[in-house]
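Please read it alongside the sequence and the structure shown here.

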Amino acid sequence: MASIKVSLRQVGKIFDAGVAPALDNVSLDIAEGSICVLMGLSGSGKSTLLRTINGLAVPTSGKVLVDGTDLAQLAPRRLQQWRREAAGMVFQSSALFAHLNVIDNAAFGLELAGVGRKERHRRAGSVLEQVGLLAHAKQYPHQLSGGMRQRVGMARALAVNPSLLLMDEAFSALDPLKRREMQELLLELLRAQRRTIVFVSHDIDEALRLGDQIALLHGGKLLQQGAPRALLDHPVNEHVREFFQSADTSSHLLASDLIDHEAGFSTLPELISVPADSRLSELMPRLGAFRLPLTVRDASGVVLGLITAASALRTITRASARN
Ligand SMILES: Nc1ncnc2c1ncn2[C@@H]1O[C@H](COP(=O)(O)OP(=O)(O)O)[C@@H](O)[C@H]1O
Ligand SMILES: [Mg+2]
């Protein structure tokens, strides 16, 4: 089981009678192998929703289905076992054990799962290598930077090879550069091994970069779920529109968005080709440096059109004006 599907059916969660519910009738589908980013202001119910997916928060009403299995129907021991073996969790504070070195921290979930020491270290070593920390295996958490500690937290979650990864503001405490690095690392790890990810973030850039889907919560209610571009381009109401207003939407434009439809086609050999899904940030230096149009090709090499400096500028201006 490489990845799993998660469905919430009219999930409600009331912590205190008399206080507005933390979750109010939330229905949500997360496709297997996809990344769903949960967004919303502080207190909107993101962490609570995340915790209903691994059974740490029990819904007051409604159901959470994991590959069709209703979590409420699992016996407590089965639920605990499922949580340990299938649902890795990564928090903002990496919550490492100060008295354990890096490899034992990374192997902690395996120890809970009853894996023997030798096999534990073999598997933990392999994930530490994936997150670039194998050389630090014998160090202790206080000897590491914040970014490295967060990598250990990720290694610990990945060591059990979970089909589901729940990440609660996992990169929020990192500076922008480190955060970006971790996002790239996560995407790279997912290319090697598909998993279903539910990623809580209040950072719009992060959500646009990582999310196949964004689910936006407000006061415990799900306002809108869809592809990032759908929420930006077609917000269902004012709340959604306002929430995304601060997003720098131009930085998420792709080569295919920038094609100059008046420039026609040209396959002059001296023109540089770029893949249709190249990001604006990669394209701008090239447009600037070569002062020639770029040829946009799809994955099979077919020419889709040309990007000229003028067409790029027009599209960027339009995207920015939307804010
Ligand atoms: N364990 C708890 N006991 C009581 N109230 C809680 C508990 N956890 C969360 N809440 C309340 O539920 C609401 C949603 O909280 P939370 O899910 O943590 O939001 P977010 O992660 O979006 O900031 C808040 O009003 C919060 O005070
Ligand atoms: Mg939270």
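Within helix H5, the buried residues are Arg 120, His 121, Ala 124, Gly 125, Val 127 and Leu 128, and the buried residues of H5 pack against H3, H4 and H6. The model is a predicted one, and the values below should be read as computed from it. Just after H5, Gly 132 adopts a positive phi of about 80 degrees, while H6 is followed by Asn 161, whose phi is also positive, near 55 degrees.

| Helix | Residues | First to last C-alpha | Expected at 1.5 Å a residue |
|---|---|---|---|
| H5 | 14 residues | 20 Å | 20 Å |
| H6 | 14 residues | 20 Å | 20 Å |

Helix H6 is largely enclosed by the rest of the structure, because 12 of its 14 residues are buried. Among the buried residues of H6 are Gly 147, Met 148, Gln 150, Val 152, Gly 153 and Met 154, together with Arg 151 and Arg 156. The elements against which the buried residues of H6 pack are strand S6 (87-90), helix H3 (102-106), helix H4 (108-112), helix H5 (117-130), strand S7 (164-168) and helix H7 (176-192).

One residue of this helix can be followed in more detail. Arg 151 lies in helix H6, which covers residues 146-159, and it counts as buried because its relative accessibility is 17%, where the cut-off for burial is under 20%. The side chain of Arg 151 makes a polar contact with the side chain of Glu 181, at 3.1 Å. When neighbours within four places in sequence are left aside, Arg 151 is in contact with Val 131, Leu 133, Glu 181, Met 182 and Leu 185.

Cys 36 is placed in strand S3, residues 35-39, and with a relative accessibility of 1% Cys 36 counts as buried. Not counting residues up to four places away in sequence, Cys 36 touches Ile 30, Ile 197, Val 198, Phe 199, Gln 213 and Ala 215. Cys 36 and Met 89 are separated by 53 residues in sequence and, from C-alpha to C-alpha, by 15 Å in space.

At the level of the whole chain, the domain assignment gives domain 1 (6-247) and domain 2 (251-321), whose centres, taken over C-alpha atoms, are separated by 35 Å. How many residues of each domain are in contact with the other? Four residues of domain 1 are in contact with five residues of domain 2. The size of an interface is often given as the accessible area lost when the parts come together. Between domain 1 and domain 2 the buried area is about 380 Å², and carbon and sulfur atoms give 41% of this area. Leu 208, Arg 209 and Arg 229 supply 78% of the area that domain 1 buries against domain 2, which is more than any other three residues.

One salt bridge is counted between domain 1 and domain 2, and the side chains of Arg 229 and Asp 257 meet in a salt bridge at 3.2 Å, N to O. Helix H8 (residues 204-210) gives the most to the side of domain 1 that touches domain 2, with three residues.

Definitions and conventions. Residues are numbered from 1 along each chain as its sequence is written. Chains are lettered from A and ligands numbered from 1 in the order in which they are written. This is a predicted model: local features need pLDDT of at least 70, side-chain atom pairs count only at pLDDT 80 or more; totals for chains, interfaces and linings use all residues. Side-chain values use heavy atoms; hydrogens and water are left out. Helices (H or I, at least four residues) and strands (E, at least two) are DSSP runs, numbered from the N terminus. Buried means under 20% relative accessible area, exposed over 50%, partly exposed in between (1.4 Å probe, protein chains only). A polar contact is a pair of N or O atoms within 3.5 Å; within protein, one must be able to donate a hydrogen and the other to accept it, and residues adjacent in sequence count only if both atoms are side-chain atoms. Contact means heavy atoms within 4.5 Å. The expected span of a helix is 1.5 Å times one less than its number of residues. Domain bounds come from an automatic or database domain assignment. Buried area is the accessible area (1.4 Å probe) that two parts lose on being put together, summed over both. A salt bridge is a side-chain nitrogen of Lys or Arg within 4 Å of a carboxyl oxygen of Asp or Glu.
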